[in-house]
Amino acid sequence: MNELSRVKVVTDGACKGNPGPGGWGVLIRSGTREKELSGGEKHTTNNRMELTAAIRGLEALTRPCHVTLVTDSVYVKDGITRWIHGWQRNGWRTADKKPVKNAELWQELLEATARHRIDWVWVKGHAGDEDNERADRLASDAALIAQASGA
């Protein structure tokens with residue numbers, strides 16, 4: 001079996017109001033190469049933008065990789081590593097039988113993870129982690145653009 005390429009994907013989401021205009025940002029680093037991605041929505045939530053960032057970051061990878069995915073979202077990290085399999089077993093319902101919020105995004109994220117080996121890493125947001133700060137700037141800028149353009 002071939003050794004998978006190692007890639008670091010740093011993600012963040014932002015909202016100007018929650019709900020409100022939002023943005024997502026991704027920094028992808030493979031060796032000495034870097035790529036930045038971002039986008040926004042006029043009316044969304046911070047959690048939706050956090051999930052979208054992780055999805056778009058993984059979808060941008062053109063072949064299976066060993067990914068270190070860094071997020072400052074406990075919601076994303078715990079959702080994908082702890083809760084998602086129970087939600088699937090329960091027909092996308094929580095333990096108390098309520099529909100899972102953002103189920104369509106969780107399903108997209110699950111699909112985006114399928115071909116990669118992923119190490120999920122949580123970092124404290126706004127605490128000086130340089131890559132997290134870059135992803136945050138991308139997300140915040142995209143949220144401002146969405147707010148200004150009504151996109």
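**Entry 1: one tryptophan, then its partner.** A reminder to myself: this is a predicted model. I started with W83, which is partly exposed, with a relative accessible area of 32%. Next I checked W87, and at 11% relative accessibility this residue counts as buried, because the cut-off for buried is under 20%.

**Entry 2: where the two sit.** I found W83 and W87 in helix 2, which spans residues 74–89. They are four residues apart, so about one helical turn separates them.

**Entry 3: ring pairs.** I asked myself how many aromatic pairs there are. The count comes to three. One of them joins W83 and W87: the ring centres are 5.9 Å apart and the planes make an angle of 50°, which is a tilted pair.

**Entry 4: across to another helix.** From W87 I moved on to W106. Their ring centres are 5.2 Å apart and their planes stand at 65°, so I noted this pair as edge-to-face. W87 belongs to helix 2 and W106 to helix 3 (residues 103–113), so the pair ties together parts 19 residues apart in sequence. I also noted that both W87 and W106 are buried. Stepping back, I saw that ring pairs link Y75, W83, W87 and W106 into a cluster.

**Entry 5: helix 2 against helix 3.** What is the angle between helix 2 and helix 3? I read about 100°, with the axes 11 Å apart. That angle makes helix 2 roughly perpendicular to helix 3, because 65 to 115 degrees counts that way. On the helix 2 side, the contact uses Y75, V76, G79, I80, I84, W87 and Q88. Helix 3 brings W106, L109, L110 and T113. By class, I noted eight nonpolar and three polar residues in this contact, with no charged ones.

**Entry 6: helix 1 against helix 3.** Helix 1 covers residues 46–59, and I read an angle of about 25° to helix 3, with the axes 9 Å apart. Helix 1 and helix 3 are therefore roughly parallel to each other. Their crossing is left-handed. I listed some of the residues that make the contact, including R48, L51, I55 and E59 of helix 1 and E104, W106, E108 and L109 of helix 3. The residues of this contact divide into eight nonpolar, two polar and five charged.

**Entry 7: a name that kept coming back.**

Conventions. Residues are numbered from 1 along each chain as its sequence is written. This is a predicted model: local features need pLDDT of at least 70, side-chain atom pairs count only at pLDDT 80 or more; totals for chains, interfaces and linings use all residues. Side-chain values use heavy atoms; hydrogens and water are left out. Rings of Phe, Tyr and Trp (its six-membered ring) pair if their centres lie within 6.5 Å; planes under 30 degrees apart count as stacked, over 60 as edge-to-face and the rest as tilted. Helices (H or I, at least four residues) and strands (E, at least two) are DSSP runs, numbered from the N terminus. Buried means under 20% relative accessible area, exposed over 50%, partly exposed in between (1.4 Å probe, protein chains only). Axes are lines fitted to C-alpha atoms, for helices over the stretch in contact, and angles run from 0 to 180 degrees between N-to-C directions. Angles under 35 degrees count as roughly parallel, over 145 as roughly antiparallel, 65 to 115 as roughly perpendicular and the rest as oblique. A crossing is left-handed if the near helix is turned anticlockwise from the far one by less than a right angle, and right-handed if clockwise. Contact means heavy atoms within 4.5 Å. Ala, Val, Leu, Ile, Met, Phe, Trp, Tyr, Cys and Pro count as nonpolar, Asp, Glu, Lys and Arg as charged, and the others, Gly among them, as polar.
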